[in-house]
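Let's take a walk through a protein structure together. Keep the sequence and the 3D view side by side as you read.

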Amino acid sequence: MTNPTLVRWHVGRVIGRRYEADSAVRLELDVPTWPGNDAGSHLDLRLTAPDGYQASRSYSLASSGESTRVVLVVHEVPDGEVSPFLVHQLAEGDEVEIQGPLGRYFIWNPADPDRSPVQLIAGGSGVVPLFSMASAREGVEESADFRLLYSVRTPRDVLFADELGALSRTTVDIVHTRESPPRSVRPPGRLTRDGVAAFSFSASASPRTYICGPTAFVETIVEWLLELGHDPARIRTERFGGSN
Amino acid sequence: MGVINSGFGGRRGSSNPNLPPGQTLVDDWPVLTAGPTPAVEENDWSFTIRTEDGTKHRWNWTELLSVGVEDIVTDIHCVTHWSKLSMAWRGVSLDRLFEDVETSHDYAMVRSFGGYTTNLPLEDLLDGQAWIATEAQGSPLSAEHGGPARLLVPHLYFWKSAKWVRGMDMMPSDDPGFWEQNGYHLRGDPWREERYQ
Amino acid sequence: MTHVDGNALAGTFVEILGIEITEAIGRCRHCGSVYGLARTRAFITAMGAVMRCKDCDAVLAVIVQNPRATVVNLSGLSYITVPRR
């Protein structure tokens, strides 16, 4: 679906926005010229100030498919240049310029005949493209087994909490690193290699793995998976750096 | 296209007559980096000026400090539109380092640990315009800001103030360094908005 | 600030060069490593984007946006291959 000749700038209008977590907002855009996008892809969003100054940032898409409705999540970065505007000022009815869809590497296609299991591992806001994959899986009767391992700090940081709870075709494990939900049997704690092994397909199942999150998180997970015997050629990563 | 996002200002602050055109005052000190941050211990550090006849003038950390560290209060201007005014620095004046340097070349290629380069006319490096800076804002220069020592040439855009400086090679022509090879101005005077070629 | 991976430059590569970075394979001129450009390390700031080799850290490509033009420097890559469509 992501065809290079269709990657161009579009104008999107905000038709919905709501706080998804403490400092994160979910934006729903109506983009009439959107060609549709694969699960896992992203876009560049560009803001233009009245004097012509421009800044752009990349955001993963939570939505996929043919729809011209596009959903993304913006986390506010303290002292950021773009994210505070998007989180606090961009209102319903406002327009933004977006370029995309982008990405052919970190995507999952529901029509993929490969039935080997798919392992999704998310660190914080890295869950967004992985959520789009799990959502795409939800719409397909017969396909690969899906697991999502989602590492977050506190229950208030969980994105798409309701939708994740409703998924029937993806097994979701949420690991809270700083604070657990009330009545949780598991105390909070950082994800460990044993934790990853416990909540993911084993290397012998030869899964395809997608990991998304901050760079340090991604690199640590990759290291552990390799130690657990996973094939590096079947691991795909997307990293967030210190952008704002 | 043509969408204007009113209310979006980017990194904007109040306007100030001490600011060159197109600059905005900031309170923090942004870090912009083109690669991994080099980790250089003072023990391993040296600064070398090489001239056309092959002569090397070299200072290790102790030798550099012995030349004499002075206080500097100056404004810095980044080509990415932010400026800091009246910033406190400490460093060794390049005038002192060039005292015994003999060269007929008019330009220098500044080299850094990690491979960064930038070019400057000698004219911009002397007469109280440049230092090897070791401290900023009252503390030793942190690695992310170019420590243990960086070049400080505040009258030009700050990409010329090479972080992790390790030496200068005198050269006869104004050959472009890293950013200059990629479209940035050869000289970079903020008051003339010399940002790009 | 740390690096992101080469995917972050997908927009510029496709807009300016018509190359899908996620399908492109390149050779580092410095160390000879050959791999997908999506796996490079990208350092992106307001100065520009610097794409570095994941194996030797050499600069593969530099992209600078100025008001009149986009400067694309690919001199750190011996070549880029892109699958035929």
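The paragraphs below go through the chains, their contacts and the core. Keep in mind as you look around that this is a predicted model.

Let's begin with chain C. It has 85 residues, of which 46% count as buried. Its secondary structure consists of one helix and eight strands. If you start at the N terminus and follow the chain, the elements come in the order β-α-β-β-β-β-β-β-β. Among contacts in chain C between residues at least 6 apart in sequence, 49% join residues at least 24 apart.

Now find the helix of chain C, α1(C). Which of its residues are buried? They are Ala10(C), Gly11(C), Thr12(C), Phe13(C) and Val14(C). To count as buried, a residue needs 20 or more other C-beta atoms within 10 Å of its own. And what covers these buried residues of α1(C)? The cover includes β6 (59-65) of chain C, and also β3 (42-48) and β6 (95-102) of chain A.

On one pairing, β6(C) meets strand β5 (residues 48-52) of chain C in the antiparallel sense, over four bridges. Look for Arg52(C), which stands opposite Val59(C) in β6(C). The hairpin of β5(C) and β6(C) has six residues between the strands, and Asp57(C) in this hairpin takes a positive phi near 70 degrees. β6(C) also pairs with strand β7 (residues 70-73) of chain C, again in the antiparallel sense and over four bridges. Here Ile63(C) has Val72(C) in β7(C) as its bridge partner.

Next, see how chain C meets its partners. Where chains C and A touch, 16 residues of chain C are in contact with 17 residues of chain A. On the chain C side, β1 (4-5) and α1 (10-17) are the elements that give two or more residues. Of these, α1(C) gives the most, with four residues. What kinds of residue make up this side of chain C? There are six nonpolar, six polar and four charged residues.

Chain C also touches chain B. That contact takes 14 residues from chain C and 13 from chain B. On the chain B side, seven of the residues are nonpolar, six are polar and none is charged.

Let's turn to chain B itself. It has 197 residues, and 37% of them count as buried. Two helices and eleven strands are found in chain B, and along the sequence they follow the pattern β-β-β-α-β-β-α-β-β-β-β-β-β. Among contacts in chain B between residues at least 6 apart in sequence, 62% join residues at least 24 apart.

With the chains in view, you can look for what lies inside. In soluble globular proteins, nonpolar side chains tend to be buried together. In this model the largest nonpolar core has 127 residues, and those that touch the most other members are Leu120(A), Leu130(A), Leu148(A), Ile132(B) and Leu9(C). Helix α2 (residues 127-138) of chain A supplies the largest share of this core, seven residues.

Setting aside neighbours within four places in sequence, Ile132(B) is in contact with a set of residues including Phe47(B), Leu64(B), Val92(B), Leu151(B) and Val165(B).

Our last stop is Thr170(A), in strand β9 (residues 170-176) of chain A. Why does Thr170(A) count as partly exposed? The reason is that Thr170(A) has 19 C-beta neighbours inside 10 Å, while a buried residue needs 20 or more. Not counting residues up to four places away in sequence, Thr170(A) touches Ala134(A), Arg137(A), Phe146(A), Arg147(A) and Leu148(A). Finally, find Gln119(A): Thr170(A) and Gln119(A) are 51 residues apart in sequence, with their C-alpha atoms 9.5 Å apart in space.

Key: Residues are numbered from 1 along each chain as its sequence is written. Chains are lettered from A and ligands numbered from 1 in the order in which they are written. This is a predicted model: local features need pLDDT of at least 70, side-chain atom pairs count only at pLDDT 80 or more; totals for chains, interfaces and linings use all residues. Two residues are in contact if their C-beta atoms, placed from the backbone, lie within 7 Å. Ala, Val, Leu, Ile, Met, Phe, Trp, Tyr, Cys and Pro count as nonpolar, Asp, Glu, Lys and Arg as charged, and the others, Gly among them, as polar. A residue is buried if 20 or more other C-beta atoms lie within 10 Å of its own, exposed if 12 or fewer, and partly exposed in between; C-beta atoms are placed from the backbone. A nonpolar core is a set of buried Ala, Val, Leu, Ile, Met, Phe, Trp, Tyr and Cys residues joined through C-beta atoms within 7 Å. Two strands pair if DSSP finds at least two bridges between them.
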